[in-house]
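Notes follow in the order I looked things up.

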Amino acid sequence: MHVSDTRREILSEIKKSGEISIPELTKKLNIVTNAVRGHMILLEKEALVTFRWLRQKRGRPLKIYKLSESAEDHFPKKYDYLLNELIKELKLLEGVEKFQHILDSMSKRWANEIKSKLNLTGLSFDETLALYVSYLNDKGSLASLKRNNNGYTLLNYNCIYRNSARHHREICGIVSVILKELIDAKVSLITTVYDGSPCCVIEISRH
């Protein structure tokens, strides 16, 4: 979502203040009140700010604005850097084999959570795969299934762990481990975007 320079400046002022009113913003930014009010209406529509009413001794109640959770996405974050450094440290302290064991254990736990959330118990091979691919796409992947002679090929054009997987290729195996837990099938990671492929490719074959 695009945010104009003025509205970005408004968001920055709200973040620094915690809560702020339109009169306060007008003074800080040296912008006329009607202009600030117009920007705030747009920020409300974009769900970037919320407000509470403050009763005053005289006059109408005053809107006091604060940032919404979604507004935080407009400020730089370094989640991937922190995660990559934690993984690097874990590998140095415990070794790559231990890290792989932790990653597999986490993936299996996720599989159980997914199985419960999607209510997969009792569903067919095809139904389970279709629901899981839909789940991946809801999380931000661009995944699809293609039927082949032995089962399916899963194509994923957007790895949601891309920045971390670029540095730690073990992460590429997460989806394969989850699939093995969800369905009775042979699952093989054939290639990834880091091998020069336009997408990650996983072969899923019935036993």
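**Cavity check**

I counted cavities of 30 Å³ or more and got one. The model is predicted, so I keep in mind that linings are totalled over all residues, whereas local features need pLDDT of at least 70.

I looked up the volume next: the largest cavity holds about 180 Å³ of space. Its lining has 15 residues, and those closest to the centre are Asn 156, Cys 159, Cys 172, Val 175 and Cys 200.

Which elements each supply at least two residues of that lining? I found strand S5 (151–156), helix H8 (174–182) and strand S7 (200–206).

I sorted the lining by class as well.

**H6 on H8**

H6 (residues 125–138) packs with H8 at about 145°, the axes being 11 Å apart. I noted the crossing of H6 and H8 as right-handed.

On the H6 side I listed Thr 128, Leu 129, Tyr 132 and Leu 136, and on the H8 side Val 175, Ile 178, Leu 179 and Leu 182. By class I have seven nonpolar residues, one polar and no charged between H6 and H8.

**H4 on H5**

Here I took helix H4 (residues 79–94) and helix H5 (residues 96–117), whose axes lie 7 Å apart at an angle of about 125°. Angles from 65 to 115 degrees would count as roughly perpendicular and those over 145 as roughly antiparallel, so I put H4 and H5 down as oblique to each other.

H4 brings Ile 87, Leu 90, Lys 91 and Glu 94 to the contact, while H5 brings Val 96, Lys 98, Phe 99 and Ile 102. My class tally for H4 with H5 is five nonpolar, no polar and three charged.

**H2 on H3**

Last pair: the axes of helix H2 (residues 22–29) and helix H3 (residues 33–45) come within 9 Å and cross at roughly 115°. I have the H2 and H3 crossing as right-handed.

Ile 22, Leu 25 and Thr 26 of H2 meet Thr 33, Val 36, Arg 37 and Met 40 of H3. I classed the residues of this H2 and H3 contact as four nonpolar, two polar and one charged.

Notes
Residues are numbered from 1 along each chain as its sequence is written. This is a predicted model: local features need pLDDT of at least 70, side-chain atom pairs count only at pLDDT 80 or more; totals for chains, interfaces and linings use all residues. Side-chain values use heavy atoms; hydrogens and water are left out. On a 1 Å grid over the protein atoms alone, a cavity is a set of points where a 1.4 Å probe fits but cannot get out, and a pocket is an open set with protein on both sides within 12 Å along at least five of seven lines; lining residues have an atom within 4 Å of a point. Grid points are joined across faces, edges and corners, and a volume is the space filled by probe spheres set on the points. Helices (H or I, at least four residues) and strands (E, at least two) are DSSP runs, numbered from the N terminus. Axes are lines fitted to C-alpha atoms, for helices over the stretch in contact, and angles run from 0 to 180 degrees between N-to-C directions. A crossing is left-handed if the near helix is turned anticlockwise from the far one by less than a right angle, and right-handed if clockwise. Contact means heavy atoms within 4.5 Å. Ala, Val, Leu, Ile, Met, Phe, Trp, Tyr, Cys and Pro count as nonpolar, Asp, Glu, Lys and Arg as charged, and the others, Gly among them, as polar. Angles under 35 degrees count as roughly parallel, over 145 as roughly antiparallel, 65 to 115 as roughly perpendicular and the rest as oblique.
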